[in-house]
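Morning, everyone. I have one model to walk through today. Please bring it up on your screens.

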Amino acid sequence: MDADPVQRRTVSAQLSAQAGLRFAPTAFATKAEALERLADRPHAIVVADLETVGGVDELGGLSSHDSSVIAMSARGSVHAAVAAMRAGAIDFLPKPFGAAALLERLNAAIAEWPAARPAEAKRAETPTTAKPAATGLAREDFEGFIGRSAAMGLVYDQISRIAPSKAPVFVTGESGTGKELCAEAIHGRSGRAGGPFIALNCSAIPKDLMESEIFGHVRGAFTGATENRTGAAELADGGTLFLDEIGEMDLGLQAKLLRFIQSGTVQRVGDVTARRVDVRIVCATHRDPFAEIAAGRFREDLFYRLHVLPIQLPALRERAEDILPLASAFLARYAAEEARAFRGFEPEAAAMLMRHAWPGNVRELQNAIRRVVVLHQGAEVTVAMLPQTIRAGAAQPSRNEFAVSETRAAPQLVAPFWEQERSIIECAVEAHGGNIARAAAALEISPSTIYRKRQAWLERRTA
């Protein structure tokens, strides 16, 4: 049941194509239509949009007709899920969702038949604390990714469209957003899935060894080269070469990488023989590539060779509805690994996770949950178990806020306007992980304004 006609048609078509003879889907635009049909159809499963029915309080009328109700909402959160289940729903789906996710819920609901239980009994069995895993929110949704937010839905769609191509892929996103997982998903859904996936972190390898890591070397090519070595480009032949943090690559090596992309041949360090390889390149960086080009740290010609199919991964704060599903999945994984009994989160702890800014993104959340599991015991994660950084929240003022407060306290120390402007802009750029486009959007100015002002500040310093 959904007031959106496109959603009704899409979901009905998907279910009709995949459900077989297990059930026959029927779409309704209003609660009144659904109630009229339910009068002569016992043991139905109603998938009801909360906004369409008029909110959580209106679910009771549906569940009282010997029907099982699965609630759905575009405003998915653990609180909405718990409220819906207290009102009689047996499950909760945050929108948008795929047909596979809905089929999974429907099959689980059918497995609980043959008898429909009274709504009062369902409510009595509903957990009173926030357990995202119990609501089915935490699951791996797409090639190892977890999350059903609209932002991640766009990423999944991009990966699905991009994967079959042979063109290079350029992944951007803050540290900890899952850039390598994205590269693995592209490889796994491509025609090269049966071939090797070779990953190199350009920031973790010393500059003087990087060329050998990518292209290999022959014995005696340099001190310490005691034997021939195959580089990552050859190892990835027939598969995918993932160059993580490519923005850290030395400019001289960037020129050699460009030649490799153009020619499709590899020449090991110290060798005179060129070897042809068939490799698809996926690269990633947490930096703003346009800023790196403007600063002379990244070759523009290499960038446009690589930036054929771009994917921007959202920060965790930009898909807050995925925080609790992710936390639940990590909790289940590490509880199993460490033989702990954790099953969910207390409501206060869940709310605190939702409030945290997560500057380290999914990796920070993953580490935080693992720390909780290793250091504590219990059935539920409490506020006291969470790391201090999460409990403290964003209590510290930003540099810009501190500067403003100092200015108010001591007017005689007011900084020149250009210095205050620079502080505001640089704070915004830092807050968005170096992404100038996003910082500009937050400040409601154009990215070119930031580049122009940075150049002016540089000229002021060197004057």
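How much accessible surface does the protein chain have, and what share of that surface belongs to carbon and sulfur atoms? About 22,600 Å² in total, with 53% belonging to carbon and sulfur. Keep in mind that this is a predicted model.

Now the overall build. The protein chain has 463 residues, and 44% of them are buried. Its secondary structure comes to 22 helices and 14 strands. On to contacts. Take those between residues at least 6 apart in sequence: 70% of them join residues at least 24 apart.

Five strands form an open sheet, and the order is 5-8-11-4-12. The pairing is parallel. Strand 5, residues 197-201, sits at one edge, and strand 12, residues 309-312, is the other edge strand. Each of these two pairs on one side only. From one strand to the next, the twist averages 15°.

Let's zoom in on strand 8. Strand 8 covers residues 240-244 and pairs with strand 5 over 5 bridges, in the parallel sense. Phe197 stands opposite Thr240 of strand 8. Leu200 stands opposite Leu243 of that strand. Then there is strand 11, residues 280-285, which pairs with strand 8 over 4 bridges, again in the parallel sense. Here Leu243 stands opposite Cys283 of strand 11.

Are the residues of strand 8 buried or exposed? Buried: 5 of 5. Both faces are covered. One side carries Thr240, Phe242 and Asp244. Leu241 and Leu243 are on the other.

That's the tour. Over to you.

Conventions
Residues numbered from 1 in each chain as written. Predicted model: local features only at pLDDT ≥ 70, side-chain atom pairs only at ≥ 80, totals over all residues. Heavy atoms only, no water. Buried < 20%, exposed > 50% of the residue type's maximum accessible area, 1.4 Å probe, protein only. Contact = heavy atoms within 4.5 Å. Areas by Shrake-Rupley, 256 points an atom, 1.4 Å probe, with all protein chains shown as cover. Pairing = 2+ DSSP bridges. Axes fitted to C-alpha atoms, helices over the stretch in contact; angles between N-to-C directions.
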